[in-house]
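Thanks for making time this morning. I would like to walk through a few local features of one model, and I will start as soon as it is on the screen.

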Amino acid sequence: AARIIQNMDPTADPCQDFYQYACGGWLSRHVIPETSSRYSIFDILRDELEIILKGVLETSDQGDREAFQKAKILYKSCMNESLIEQRDSLPLLEALRMVGDWPVASADWNKTKEPSWSMEEKLSIMNSRFNKRVLIDMFVWNDDRDSSRHIIYIDQPSLGMPSRDYYFNGGNYQRVREAYLQFMITVAKMIREDKNVSRDDSFVQEEMAKVMELETEIAN
């Protein structure tokens with residue numbers, strides 16, 4: 001209650017400026033940090049919690065339950081920048097291998113991979129191993145008609161860009177769309193180079209344009 005009162009401005013007339021009345025105290029005592037686009041009590045709590053979590057994750061994991069040990073292992077793996085630099089693109093190349101490789105980053109995918117490639121199998125791997133939903137979103141959740149049981153839901157997944165507006169509108173949306181396509185082209189070229197596949201910029205450009213066209217059709 002004290003915090004709520006502190007964040008109010010009782011000197012303001014709520015009938016004239018209710019926002020100032022409700023939030024004036026907060027506005028007078030807080031400045032949005034340069035690193036943030038917003039600042040609220042939830043942002044403060046998140047920052048405080050991250051400091052606490054950092055301290056917990058950096059303690060010894062001896063005697064911890066398995067879930068805590070996993071969290072600390074994950075944290076350490078993310079903080080080990082020297083090993084990340086050393087491994088370079090190997091984790092990404094391994095992930096691509098698990099889902100049947102990437103045609104644009106292969107010299108002969110149609111001959112060596114496509115005959116045994118199964119969309120159903122690869123979609124399930126991407127969902128179960130990488131938590132990535134493509135074309136179809138499938139998950140288990142409470143049954144809306146009977147909360148005592150769980151059922152399988154099938155839904156549409158999110159798009160590559162935040163919303164369908166990015167695929168059709170002009171202005172800033174178009175600039176993001178162009179940057180998105182260029183990003184795909186750049187990544188494909190990098191992976192071809194890391195796999196020692198010969199350079200073929202026109203092929204990469206054509207393939208990524210097809211990907212963009214497919215995404216646009218899905219968004220539509």
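Asp 9 sits in the loop that runs between helix 1 (2-6) and helix 2 (18-29), where helices are DSSP runs of H or I of at least four residues, strands are runs of E of at least two, and both are numbered from the N terminus. Please keep in mind that this is a predicted model, in which local features need pLDDT of at least 70 and side-chain atom pairs count only at pLDDT 80 or more, while totals for chains, interfaces and linings use all residues. Residues are numbered from 1 along each chain as its sequence is written, and side-chain values use heavy atoms, with hydrogens and water left out.

What is the nearest side chain of opposite charge to Asp 9? That is Arg 29, 10 Å away, and Asp 9 is buried yet has no salt bridge; buried means under 20% relative accessible area, exposed over 50%, and partly exposed in between, with a 1.4 Å probe and protein chains only. A salt bridge here is a side-chain nitrogen of Lys or Arg within 4 Å of a carboxyl oxygen of Asp or Glu, and for charge Lys and Arg count as positive and Asp and Glu as negative, with His and the chain ends not counted.

Turning to the strands, strand 1 (residues 137-143) pairs with strand 2 (residues 146-155) in the antiparallel sense over 7 bridges, pairing being called when DSSP finds at least two bridges between two strands. The two are joined by a hairpin through 2 residues, and Asp 137 stands opposite Asp 155 in strand 2.

Finally, Glu 178 belongs to helix 10 (residues 172-194) and is partly exposed, at a relative accessible area of 48%.
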